[in-house]
Amino acid sequence: MIKNYVKIALRNITAHKAFSIINIAGLAIGIASCLLLFTVVKYELSYDRFQPNYHRIYHVVTQNNFSDGITYNSGVPVPTLVALRNDFPQITSGVLMANYGSQVTVLGSSTSQNAPDKKFIENSGFFFADPQFWKVFHYDWLVGDPSVLKDPNNTVLTQKQAEKYFGNWKNAIGRYLKLANTATVKVAGILKDPPLNSDFPLLIVTSYETVKANAATFNYVNDWHNTNSNFEVFMLLPENVSSHEIDRQLLSFNKKYNKVVKSSGNTTSNFLQPLSEVHFDKRFSNFGNQVTSKATLWTLSLIGLFIIVMACINFVNLSTAQAVGRSKEIGIRKVLGGFRWQLFGQIIGETTGLVFIALLLALGITSVCLPFIKNIALIHESLNLFNPQTIVFLIALSAAIILLAGTYPAIVLSGFTPALALKNKISSASVGGISVRRSLVVLQFAISQILIIGTIVAVTQMSFIKNADLGFNQDAVLVLNANADSAFHSHEEAFKQKALQLPGVQSLSFNSDVPSSDNNWSTNFAYDHRPDEKFQVSLKFADNDYFQTFGLQFLAGKSFEKSDTAKEVVINETMVKQLGVKHPEETIGKEIRLGGGTWKTIAGVFKDFKTSSLRDAIKPIMI
């Protein structure tokens, strides 16, 4: 019987070529789209799940409460680490500190060697960690163990990074590197390359004692007033301890150690962020510099569902429309003794065959498209389609398609009355319920319009972002990242003079970051010898050519004068408004103080520009 069903299914496919091609193509495109979306969503949800203690690892984050709102910081003040270990001895706490954009020089087998062609700018950064960090996070060691990071001037490399510097990772042990032209470190261990789906791009990890010994170079400030997002603490909670319990205890901890100036009414608190949220919580940055919204992943999943539902509806409509042509076949089968359940099984079998062919075609389409998915999704590695999760997904998706697309046509065809079928009295109007088919068509077009409208909105938004006035010049501006060490600073002026002699170079500025960036550096401040204000100011550091280079406009005053010491500052118009000053000119000549620093004179007020997302309100800014 089954052999007979297979023959008939093949005959129907070849006899109705147009029907078969449309159905198979529709299903194949739908399955391929779903599979690509599933791959993206699965990859994003897999970040750091390779950690064996994934569900017990927590990130200690900071919340700053001001009178005008709340801000968040992924880092903590440096003294927090020791305080946490004293007050929570039952919990393992590890520190990870990042340094970005600095130079790494390969010295070789002795500290005196220096190969000119072995200098690298590591934009993804290098890190400092203590041995306790490796008790919180698990990584495989090819050589050495976490104890090598107890001592200063020891570093470990990943296998890939060791091969980059020394050709063969086995030759790296005992060799030397110089970090940021300051700290000379010895390679004491090699890590197996961790998966790329991680928010911890550990390529170079140096002992925490090293950064303490080179505090000025690596901006290590052991002060409760300084919260740096590059200094982060992680906890591994015991099995029987909940994060809510620790959050309650952190309230007392904050009251004990909170050093924020209380005269302004500002408070700082800490709480635990699960490792499972590090990749998705947009309130905080992460070391991987990639935060994905879960709402985006849900939207992609919903789009995949819409696409496959449309493909199934298309299959149902075509199958029921074709039913008239098969009415005599069904009538003869029933007259010869065929049962309805046998006919139902035959139709489901034919649907299964079409779905299987569509699945094979979809796999081919996906294989071709998968390498290009990196252009629209931040996937850093080659993906393998044939893994256990994808296979389970394809089996479940195929079963769902067979049920959704095959059940209704099978019910309609197997329900024909033999007498009417043989007398040719079955018409397209009498096949199935007209209301059902019309409802399916309406649903199909409704989904199509939702997707089309969504696409138009997305294109419009991208056009708006592309053409939005950000308040500064971004055309023909070339940004070069440089390491901020003493060796580079000593050559700044010579570099600037040489660069300005190049044809087409009109202006050049050395600065901490461009006008619109991910910089969230902010601090408390006082204005005009008043007590600290009830809001914080965002900081940028630049030379006096910054304003000309980026085309910033002054509303009052002028740029600060060129000097080797920060004596003057400029502020934006939003800051003027929040200070309660009516006219920008009234702030010129007044003094301002950051934290507990010295008073500096306000030289000018510049027009607002966008510093981050267009969704965010413009912040008070000081340069």
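Lys496, Asp543 and Asp545 are linked in a network of salt bridges, a salt bridge being a side-chain nitrogen of Lys or Arg within 4 Å of a carboxyl oxygen of Asp or Glu. The model is a predicted one, in which local features need pLDDT of at least 70 and side-chain atom pairs count only at pLDDT 80 or more, whereas totals for chains, interfaces and linings use all residues. Residues are numbered from 1 along each chain as its sequence is written, and side-chain values use heavy atoms, with hydrogens and water left out.

The protein has 18 helices and 21 strands, where helices (H or I, at least four residues) and strands (E, at least two) are DSSP runs numbered from the N terminus. Of its 623 residues, 45% count as buried; buried here means under 20% relative accessible area, exposed means over 50%, and partly exposed lies in between, with a 1.4 Å probe and protein chains only. Contact means heavy atoms within 4.5 Å, and among the contacts with a separation of 6 or more, 76% come from residues 24 or more positions apart.

By the rule for salt bridges, the count comes to 13. Side chains of opposite charge can pair when their charged atoms come close. One of these pairs joins Lys212 to Glu209, with the closest N and O atoms 3.6 Å apart; both residues lie in helix 6, three residues apart, about one turn of the helix. Lys212 is partly exposed, with a relative accessible area of 38%, and Glu209 is likewise partly exposed, at 33%. Another salt bridge is formed by the side chains of Lys294 and Glu277 (3.3 Å, N to O). Lys294 belongs to helix 9 (residues 294-322) and Glu277 to helix 8 (residues 275-278), so this pair ties together parts that are 17 residues apart in sequence. Lys294 has a relative accessible area of 34% and is therefore partly exposed, while Glu277, at 26%, also counts as partly exposed. In a further pair, the side chains of Asp281 and Arg283 meet at 2.8 Å, N to O; Asp281 is buried, with a relative accessible area of 11%, whereas Arg283, at 40%, counts as partly exposed.

Helix 7 and helix 3 pack against each other and against several strands. The 15 residues of helix 7 (residues 243-257) should span 21 Å at 1.5 Å a residue, and its end C-alpha atoms are 20 Å apart, which agrees; the expected span is 1.5 Å times one less than the number of residues. Ser243, Ile246, Leu250, Phe253, Asn254 and Tyr257 are buried in helix 7, and the buried residues of this helix pack against strand 1 (57-66), helix 3 (80-87), strand 12 (231-236) and strand 13 (267-274). In helix 3, the buried residues include Thr80, Leu81, Ala83 and Leu84. They cover an arc of only 165° around the axis, which puts them on the same side of helix 3, the arc being that of the directions from the helix axis to the C-beta atoms. Val82 and Asn86, on the other side of helix 3, are exposed. The packing partners of the buried residues of helix 3 are strand 1, strand 3 (92-99), helix 6 (208-213), strand 12 and helix 7.

A nonpolar core is a set of buried Ala, Val, Leu, Ile, Met, Phe, Trp, Tyr and Cys residues joined through side-chain atoms within 4.5 Å. The largest such core has 44 residues, and those with the most contacts inside it are Leu157, Tyr165, Leu177, Phe231, Met235 and Ile246. A second, separate core of 33 residues includes Tyr43, Ile308, Ala362 and Leu397. Apart from its neighbours within four places in sequence, Met235 is in contact with residues including Tyr58, Leu84, Phe88, Val136, Ile246 and Leu272.

A disulfide is taken as a pair of cysteine sulfur atoms within 2.5 Å, and by this rule the count comes to zero. Cys34 is in no disulfide, the nearest cysteine sulfur, that of Cys312, being 8.9 Å away, which is too far for a bond. Cys34 counts as buried at 8% relative accessibility, and Cys312 counts as buried at 4%.
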